[in-house]
Amino acid sequence: MMRIDTLLQVMKHDHQLFEPANVDQLQRLDQMGMPCDLVYFYSKANGAMLHRTENEGDLPYNGAFWQWYLLPVDEMQSVLESGWSHTNSPLHQLHASWYRLIDVQNSDYLCIDLSIQTEARFLDTFHETLNNVGYNQIVAKSFTELLEKLVASKETFWLSGETGYGYV
């Protein structure tokens, strides 16, 4: 968890961290099956605002606008719960285990896919195509990797033309 601690120090200085999650919120993450590095992060900060920006379409927080919003535990919900999943989608059943994690400020989210018991995948879910097979890019294979990429980049790195780890 040393990498998470290092990221927390950077985020504390350059971004906005929320107060740590409480015991009930951490238990909810465990019950959802969230990976250890994510639960550890939330034990230190119940979400964050990353990369202050002047774009007025972004979410205002503490009098500023931010590029990305790492959701607090109480705001996390599955794509199925969010209402974005279509019942006729071949991915509809999987959407119950895709949790919205990062609001990218344009009706799209980076989600954690917990459908595979042995690993988590982090997906770019575009609200217009998330119901289509082959359109949800795997942008990271761990929460730590995702957080490192988000902290290091003010741009939407997953749109840079790199293929990441494939598509779901």
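Val-79, Ser-82, Trp-84, Arg-100, Ser-107, Tyr-109, Cys-111, Thr-125, His-127 and Leu-130 line the largest cavity. The model is predicted: local features need pLDDT of at least 70, side-chain atom pairs count only at pLDDT 80 or more, and totals for chains, interfaces and linings use all residues. Residues are numbered from 1 along each chain as its sequence is written, and side-chain values use heavy atoms, without hydrogens and water.

**Cavity**

- A cavity here is a set of points, on a 1 Å grid over the protein atoms alone, where a 1.4 Å probe fits but cannot get out; lining residues have an atom within 4 Å of a point.
- The count comes to one cavity of 30 Å³ or more.
- About 50 Å³ of space lies in the largest cavity, a volume being the space filled by probe spheres set on the points.
- Two elements, α4 (79-82) and β6 (109-113), each give two or more residues to this lining.
- Helices (H or I, at least four residues) and strands (E, at least two) are DSSP runs, numbered from the N terminus.
- The lining has five nonpolar, four polar and one charged residues.
- Nonpolar means Ala, Val, Leu, Ile, Met, Phe, Trp, Tyr, Cys and Pro; charged means Asp, Glu, Lys and Arg; the others, Gly among them, are polar.

**α1 with α3**

- Helix α1 (residues 2-14) packs on helix α3 (residues 36-44) at an angle of about 40 degrees, with the axes 10 Å apart.
- Axes are lines fitted to C-alpha atoms over the stretch in contact, and angles run from 0 to 180 degrees between N-to-C directions.
- α1 and α3 are therefore oblique to each other; angles under 35 degrees count as roughly parallel, over 145 as roughly antiparallel, 65 to 115 as roughly perpendicular and the rest as oblique.
- Ile-4, Asp-5, Leu-8 and Met-11 of α1 touch Asp-37, Tyr-40, Phe-41 and Lys-44 of α3 (contact means heavy atoms within 4.5 Å).
- Five of these contact residues are nonpolar, none polar and three charged.

**α2 with α3**

- The axes of helix α2 (residues 23-32) and α3 come within 10 Å and cross at roughly 170 degrees.
- That makes α2 roughly antiparallel to α3.
- Leu-26, Leu-29 and Asp-30 in α2 meet Leu-38, Val-39, Tyr-42 and Ser-43 in α3.
- This contact has five nonpolar, one polar and one charged residues.

**α3 with α5**

- The axes of α3 and helix α5 (residues 143-152) come within 8 Å, crossing at roughly 60 degrees.
- α3 is therefore oblique to α5.
- Asp-37, Leu-38 and Phe-41 of α3 contact Phe-143, Thr-144 and Leu-147 of α5.

Definitions and conventions:
On a 1 Å grid over the protein atoms alone, a cavity is a set of points where a 1.4 Å probe fits but cannot get out, and a pocket is an open set with protein on both sides within 12 Å along at least five of seven lines; lining residues have an atom within 4 Å of a point.
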